[in-house]
Amino acid sequence: MRIRVVKGILWFFVGVAAMVAAVRFFRGLGTATALSDITPWGLWIGFDVMGGVALAAGGFVMAACVYIFHLEKYHPIIRPAVLTAFLGYAAVIVGLVFDVGLPWNLWRPLYSWQHHSALFEVAMCVMFYFHVLALEFAPVIFERLPFKRIYKLLKALTLPLVIFGIILSTLHQSSLGTLLVIMPFRIHPLWYSSILPIFFFVSAVGLGLTMVITESLVSSWLYEREIEKDLLSGLAKAASYVLGFYVIIKLAELAYNKELHYLVDGSWEANLFIFETLISAVVPAVLFSFKRVRESIGGLAVGAIMAVAGFVLNRIDVSGLATVSATGTTYFPSWMEIAISVGVVSGAALVFFFFVENFSVYEEDGESEEKEYLLVKDPVRGIVGYRLLLPPMPNIRQNSVALAIGAVLGAILLFDVGLYGPRPEKTPVERALSIDALRTKPEDEILYVYSPYDPEKGDIPEGWELTEALLIDGDRKNKYVIFNHEEHKNLSGSEQSCRMCHHMDEPSGKTAFCHECHRDMFLPTEIVDKAGQVVYAPPYREAMHSLCIECHEEMDPPIARCGGCHQGVDVSVPPEREAFALIAERP
Amino acid sequence: MKQMGILTDVTLCIGCEECVKACKSVNETGEDLPWRWQRRVDDLSATRWTTIVTRPGRHYVRKQCRHCLDPACVSACPVGAMHKTPEGPVVYNSTICLGCRYCMMACPYGVPRYLWSEPVPYVRKCIMCRDKIMSGELKQPGCTGACPTGATIYGNRDDLLEIAHKRIETKPDLYVPRVFGEHEVGGTSVLYVSDIDLGFLGWKDDLGDKPLPHETWIYLDKVPYIVGVVGGLMYGIYWIIERRMRLQAEATGGVSAPPLETTSDDKMEDANTETEEK
């Protein structure tokens, strides 16, 4: 019953994610994510990739325990651990397909080697280890297929595969830390360390152990199966040593670099770091060091879940939150990013359940009984033909409905962005201000130099005269132009010249303010013209630029230069110019 | 060929943005729009490869790719899409790029930008107009050619350094006594002399003189050894424990210990083989 409800929920999440996926691939990262040039990595890297790899550490840790250290009693949990690792890596790859801009180039590192890149190492390790895990897990499938040669070959390959897997994991877990070593300036000193690779590796071992405990507890709760308590408490004991060691080296490193004072400076980073270290390592290590705690299911669950959550938080912190103070931007994932992350994890969980239900992942007693093959020789087609015995699919209707509800909900939520794609943000334009300005004409210049005048600062500097002008600064971002309306009118033929700039189709037509139609700095505005037609008024910036530049370019000599009008930037302007902020506040 | 570079003198810049305009027209970058992922329209972006940063007190600082001598972006790229050319510019190959954006994360100046609005996005940054200069279309980058005050000039990096030091020597009161980019993160091809500190151009005021790729190389250098050591160690431990267990079993029961796979799998395998034989 429990599993039925959980599966329904997971299928729902997969449905939502499927719709988001379409938007991500057809409309691009800008539409689907909250990423920016300043924070180019977000939830998908922090959680799916960094977290996914770390959570998959159970696979190599258990393989080492059983096959290398001959701790045979852990044999029953090796299959679920390897399966979790395999699915973890599958989730990482799917996460990467979403995250990288050009996923069809994901194979490129195989061909264009760049061995100075930590990411190259990561990419190679992911690709190889994914296949190693597939081969490590393959016997579970092949024992149900009538190809015994392949099965035997796979079994014979176990030891080399396990050793290769441990090598790859050692490299890979640590290289995720190496990835961040090149960013000493982005990452807060509490998280940054030149020995990040070592932290990542040690924490991965601890996380691997606690993840195996968590996953064992969860699946026994779901399938109402008995818990292998003595095995799990053995793992918990090992985890307490590893996590304790992690805390010690972490603090020792901070002390060695004289960075301990960051811990007590009261910043949110310090609090986050303390919280993360407590739940990821300190508390679980202490809890698991008590025999009574690690032999109770509650104690195991609390410690393991804290450690798992804590280390996922650690990966998110170090690759994301720790960069906030240096970059000065806050990034919070968009709901679409969260939907994809949840959807990928849900998908992985569903595949996990599929294997648990149809293959012997949790080996039980009476294992050696002969099994049914999934492929049987087809009696009709004789020796060459095989018939696939489809596994039973319980609750297929319920799950389909859940998937469909998710997909429909996703489609409704995505209707707008899916249809129109990303759109630039609006920058409303405000009207030009009438101000008092100072002007002067330097000897070698054709144009007057203007500066806003602040009466409170008193005297007019020598060589400058007071005049009335328009301060044009549509988006109030200080890239203003001081425009002498009177002068322009006089120079271009007094009253007759109004129509040169203002839209006056009839002699009796009235002038209007520019910002009334050209309402956005960068985007066109939909308006109704005098004939009742819907037309687009060009963006404010474009309208102003084309109007001014067109005329100025025809002059002799041409005076269409940015600095000619945007004089706020001229060095010859006296300091009074800085009174601008004051003037802009005037009504 | 000698490394080419750009020297920008902040004291001479009037902030007219002619360089920005020239860059946009030479590289056909398109319109700057206020997208969500950009904090300011006039900041660096995929459509704006150089820009003017206004600092308090009428200081105008041109921001662009620094073309580091040992660039973090180049060492970060897993496929070598970022490439430091012998002529100086760091260029980008869009055909092999995966879009991982590690270059953007690694750059100590936060320069590379992304085409976030596109379904097929690429990284964009200043390439010192290398393609156009190599083909002979331009004699110097668009930006330096357009500068009306000579605040930003193009030339051989060594010559530029000489000019920079000479300027500081002649006006020691005006300039900060340091050529920005001479040693920073191992040196950059784009140099600055200035009357204000330019620490704000990077993620941190003082980026140090050590090239960032070295930090990573300390670890990557050891990969072959780790492969050997971990592999050997694991096999060694396996062999020792296995042997000890076998000897122990022989000593106690006189029966040879079960091989590596003593589990139900093997029993089942045996059973399978038996049935097959039958």
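## Working through a two-chain model

Among contacts in chain A between residues at least 6 apart in sequence, 73% join residues at least 24 apart. Keep in mind throughout that this is a predicted model.

**Exercise 1. Work out how chain A is built: which helices and strands does it have, how many residues are buried, and where do its domains run?**

Start with the secondary structure: chain A carries 23 helices and eight strands. Next, look at burial: 42% of the 587 residues of chain A count as buried. Then turn to the domains, where the assignment gives domain 1 as 41–333 and domain 2 as 433–584. Finally, take the C-alpha centres of domain 1 and domain 2 of chain A, and you get 61 Å between them.

**Exercise 2. Take helix 3 of chain A and compare its end-to-end distance with that of a straight helix.**

First count: helix 3 of chain A spans residues 43–55, so that's 13 residues, and a straight helix at 1.5 Å a residue would reach 18 Å. Then check the model, where the end C-alpha atoms of helix 3 of chain A are only 16 Å apart, short of that value.

**Exercise 3. Find the largest nonpolar core and say which residues have the most contacts inside it.**

The largest nonpolar core holds 197 residues. Those with the most contacts inside it are Val20(A), Ala57(A), Met62(A), Ala63(A), Cys73(B), Cys103(B) and Ala106(B). Helix 5 of chain A (residues 78–99) gives this core its largest share, 13 residues. Now zoom in on Met62(A): skipping neighbours within four places in sequence, its contacts are Tyr74(A), Ile77(A), Ile78(A), Ala81(A) and Val212(A).

**Exercise 4. Describe the side of chain B that touches chain A: how many residues are in contact, and which element gives the largest share?**

Begin with the counts: 79 residues of chain B are in contact with 72 residues of chain A. Among the elements giving two or more residues to that side of chain B are helix 1 (18–27), strand 6 (113–114) and helix 9 (264–277) of chain B. The largest share, 12 residues, comes from helix 8 of chain B. To finish, sort by type: the side of chain B that touches chain A has 47 nonpolar, 15 polar and 17 charged residues.

Note on methods
Residues are numbered from 1 along each chain as its sequence is written. Chains are lettered from A and ligands numbered from 1 in the order in which they are written. This is a predicted model: local features need pLDDT of at least 70, side-chain atom pairs count only at pLDDT 80 or more; totals for chains, interfaces and linings use all residues. Two residues are in contact if their C-beta atoms, placed from the backbone, lie within 7 Å. Helices (H or I, at least four residues) and strands (E, at least two) are DSSP runs, numbered from the N terminus. Ala, Val, Leu, Ile, Met, Phe, Trp, Tyr, Cys and Pro count as nonpolar, Asp, Glu, Lys and Arg as charged, and the others, Gly among them, as polar. A residue is buried if 20 or more other C-beta atoms lie within 10 Å of its own, exposed if 12 or fewer, and partly exposed in between; C-beta atoms are placed from the backbone. A nonpolar core is a set of buried Ala, Val, Leu, Ile, Met, Phe, Trp, Tyr and Cys residues joined through C-beta atoms within 7 Å. Domain bounds come from an automatic or database domain assignment.
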